[in-house]
Amino acid sequence: MSDNNFEMTPIIHLKEFEVEYISDPEKELCLIKEITKSLIDIGIAPSYKGFNYIIDSVRLMMRKGLAHAIITKDVYRPVAALYSTSPSLVEHCIRTAIRSGWKKTKDSDILRTIYSGADECPTNYAFLSAFTMYVYNRISL
């Protein structure tokens, strides 16, 4: 996949939300690639709208240190603003993407590493928090 397939967008570009650019575009590209690869590895297809919403949610959570965020306020609203959609649609699309990946790979080692919870599909918050930490640990190695 060429580098041209990854969009270098600000985290949020509306005045009511703080704009977050990373100072090193090369690091940002590596982050986007790692999130993308990890999502595909756990069975979440890029064809889901939630795929891109997860990418930007993870980027936002990493930049803002939002591991303990109020997900509807701190994550869904800014991501919805970025895509000119509603926070409820962002939540729904993320949930759909997570469930699709869960159905395909719930017994995989990678998903067990990311989410070592119960046998049930994780909530959006549980998944995003665990997945953000997983990506953070992978790029920090």
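Q: In what order do the elements of the chain run from the N terminus on?
A: From the N terminus on, the elements run α-α-α-α-α-α, and the secondary structure comes to six helices and zero strands. Helices (H or I, at least four residues) and strands (E, at least two) are DSSP runs, numbered from the N terminus. This is a predicted model, in which local features need pLDDT of at least 70 and side-chain atom pairs count only at pLDDT 80 or more, while totals for chains, interfaces and linings use all residues. Residues are numbered from 1 along each chain as its sequence is written, and side-chain values use heavy atoms, with hydrogens and water left out.

Q: How should I read burial, and what percentage of the 141 residues of the chain count as buried?
A: Buried means under 20% relative accessible area, exposed over 50%, and partly exposed in between (1.4 Å probe, protein chains only). Of the 141 residues of the chain, 45% count as buried. Val 75, which has its place in helix α3, is buried, with a relative accessible area of 1%.

Q: How is a nonpolar core read, and which residues have the most contacts inside the largest one?
A: A nonpolar core is a set of buried Ala, Val, Leu, Ile, Met, Phe, Trp, Tyr and Cys residues joined through side-chain atoms within 4.5 Å. The largest nonpolar core here has 32 residues, and those with the most contacts inside it are Leu 39, Ile 54, Phe 127 and Phe 131. The elements that give two or more residues to this core are α1 (25-41), α2 (49-64), α3 (71-83), α4 (87-105), α5 (109-114) and α6, and α2 gives the most, with eight residues.

Q: With which residues is Phe 131 in contact, leaving aside its neighbours within four places in sequence?
A: Contact means heavy atoms within 4.5 Å. Leaving aside neighbours within four places in sequence, Phe 131 is in contact with Ile 35, Ser 38, Leu 39, Ile 42, Ile 54, Val 58 and Ile 114.

Q: How is the packing of two helices read, and at what angle do α2 and α4 pack?
A: Two packed helices are described by the angle between their axes and the distance between the axes. Axes are lines fitted to C-alpha atoms, for helices over the stretch in contact, and angles run from 0 to 180 degrees between N-to-C directions. Angles under 35 degrees count as roughly parallel, over 145 as roughly antiparallel, 65 to 115 as roughly perpendicular and the rest as oblique. Here α2 and α4 pack at an angle of about 105°, with their axes 8 Å apart, which makes α2 roughly perpendicular to α4. Among the residues that make this contact are Phe 51 and Ile 54 of α2 and Val 90 and Ile 94 of α4.

Q: Are α1 and α2 roughly parallel or oblique to each other?
A: The axes of α1 and α2 come within 10 Å and cross at roughly 130°, and the two helices are therefore oblique to each other.

Q: How many disulfides does the structure hold?
A: A disulfide is a covalent bond between the sulfur atoms of two cysteines. The structure holds zero disulfides (pairs of cysteine sulfur atoms within 2.5 Å). Cys 30 is partly exposed, with a relative accessible area of 48%, and Cys 121 is partly exposed, at 27%.
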